[in-house]
Every structure is written in structure tokens, then in C-alpha cells.
Amino acid sequence: MFDPKYAQLIFSCLMALFMSCIMSLVITLYNVGLVEGIVVIWLKAWLFAFAVALPVINLVAPIMRRLVKPLVKQPH
């Protein structure tokens, strides 16, 4: 188990991992279809997508929190 202070970092890593996986698969299938070697093509795309997604999530998440906060009712 991890210390709670790492929760945001763990969340960011998992979010980047799963979103880059799903999006790279969908976009790869859309662009090239079910061709021979699709798994290798997708894994290369996934590695690149994850390398981009992780820092982007870490940069954008604080901005998104600030944008969402006024839209959500705060408990009294």
C-alpha cells in the first residue's frame, strides 16, 4: 500500500496508462484497421501516447480542478 500523499500521483499514472491505452487502440484501429502486426503498431502508439499523456495530465489536472470547483456544490 502507498502513503495517501501519493494518491494524486498514482491517480495520474493510472489515468494516463488507461486512457492512452484505450485511445491509442481506437485511433490505431481507425487508421489502419485489423492488419497484420496490429498489436506491434498499437503498442508503439501506446508507448508514445503514454509518454505524452502522463506529463499532460500532471499539468492539466490542477487547472481542471479549478474549473470544476465552482460548478460543484460544496458540502456545508
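# How helix α1 sits against α2

Author: In this predicted model, the buried residues of α1 pack against α2.

Reader: Okay, and which residues of α1 are the buried ones?

Author: The buried residues of α1 are S12, A16, S20, C21, S24 and T28.

Reader: Let's take S20, then. What is it in contact with, apart from its close neighbours in sequence?

Author: Once the neighbours within four places in sequence are set aside, S20 is in contact with M15, W46, A49, F50 and A53. With a relative accessibility of 4%, S20 counts as buried, because that value falls under the 20% cut-off.

Reader: And which backbone atom does the side chain of S20 reach?

Author: The side chain of S20 reaches the backbone oxygen of A16, at 2.5 Å, and A16 is itself listed among the buried residues of α1.

Reader: Now T28. Is that one buried or exposed?

Author: T28, which lies in helix α1 at residues 7-32, is buried, with a relative accessible area of 8%. Leaving aside neighbours within four places in sequence, the contacts of T28 are with G33, I38, I41, W42 and A45.

Reader: Going back to the helix as a whole, what span should α1 have, and what does the model show?

Author: At 1.5 Å a residue, the 26 residues of α1 should span 38 Å, and the C-alpha atoms at its ends are 37 Å apart, so the two values agree.

Reader: What about F11, where is it and how exposed is it?

Author: F11 is also found in helix α1, but with a relative accessible area of 46% it counts as partly exposed, because that value lies between the 20% and 50% cut-offs. The C-alpha atoms of F11 and I57 are separated by 9.8 Å, although these residues are 46 apart along the chain.

Reader: Changing topic, which residues form the nonpolar patch on the surface?

Author: The patch is formed by F48, V52, V56, L59, V60, I63, M64, L67, V68, L71 and V72, which together have about 1000 Å² of accessible area.

Reader: And L71, where does that one sit, and why does it count as exposed?

Author: L71 is found in the segment after α2, which covers 38-68, and L71 counts as exposed because its relative accessibility of 71% is over the 50% cut-off.

Technical notes: Residues numbered from 1 in each chain as written. Predicted model: local features only at pLDDT ≥ 70, side-chain atom pairs only at ≥ 80, totals over all residues. Heavy atoms only, no water. Helix = DSSP H or I, 4+ residues; strand = E, 2+ residues; numbered from the N terminus. Buried < 20%, exposed > 50% of the residue type's maximum accessible area, 1.4 Å probe, protein only. Contact = heavy atoms within 4.5 Å. Polar contact = N/O pair within 3.5 Å; in protein donor to acceptor, adjacent residues only side chain to side chain. Patch = residues over 30% accessible without salt bridge, like charges linked within 9 Å, V, L, I, M, F, W, Y side chains within 5 Å. Areas by Shrake-Rupley, 256 points an atom, 1.4 Å probe, with all protein chains shown as cover. Salt bridge = Lys/Arg side-chain N within 4 Å of Asp/Glu carboxyl O. Expected span 1.5 Å × (residues − 1).
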